[in-house]
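I opened the model and looked up a few local features. The entries below follow the order in which I checked them.

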Amino acid sequence: MKPKSPMSLELYEILLDKGYSEEFSDLITKNLNTDFTAGRMIGYLSHYTSLPEAELVDEMLAILSDRNRIMQKKDMETTNARWNEMMWNGFPFVDDEDKYR
């Protein structure tokens with residue numbers, strides 16, 4: 001797994017301050033290890049004084065699901081842009097012999 005981002009480390013401290021165990025806080029921040037995902041969880045936590053662990057896990061899964069959808073959308077946009085470029089400019093061939101390989 002990637003190392004924790006600065007925002008993820010901040011989330012870890014917030015979870016400890018709210019009374020969650022070190023093991024639970026570490027597990028949450030290992031999964032929310034980017035500034036984007038940790039920032040989303042920090043925003044969620046700012047609206048509540050205390051939540052059951054199950055609700056935090058549910059929110060973590062929702063954040064990860066949103067992140068995956070965003071990544072898929074960007075991937076599809078990139079693929080579509082390359083396809084459109086090939087349709088506009090034609091398919092690139094190095095030479096006639098490479099056409100049929």
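**Helix 1**

I looked up the burial of helix 1 and found S8, L11, Y12 and L15 buried (under 20% relative accessible area; exposed is over 50%, partly exposed in between; 1.4 Å probe, protein chains only). They lie on the same side of helix 1, because they cover an arc of only 105 degrees around the axis (taken from the directions from the helix axis to the C-beta atoms). On the other side of helix 1, P6 and D17 are exposed.

I note that this is a predicted model, where local features need pLDDT of at least 70, side-chain atom pairs count only at pLDDT 80 or more, and totals for chains, interfaces and linings use all residues. Residues are numbered from 1 along each chain as its sequence is written, and side-chain values use heavy atoms, with hydrogens and water left out.

I listed the cover over the buried residues of helix 1, and it includes helix 2 (22–31), helix 3 and helix 4. Helices here are DSSP runs (H or I, at least four residues), numbered from the N terminus. After helix 1 comes G19, with a positive phi near 100 degrees.

**L45**

I located L45 in helix 3 (residues 35–45). It counts as buried because its relative accessible area is 3%. Leaving out residues up to four places away in sequence, I found L45 in contact (heavy atoms within 4.5 Å) with L11, I14, L15, K18, L51 and L56. I read 8.6 Å between the C-alpha atoms of L45 and L56, which are 11 residues apart along the chain.

**F91**

I placed F91 in the segment after helix 4 (53–89). F91 counts as partly exposed because its relative accessibility is 43%.

Definitions and conventions
Helix = DSSP H or I, 4+ residues; strand = E, 2+ residues; numbered from the N terminus.
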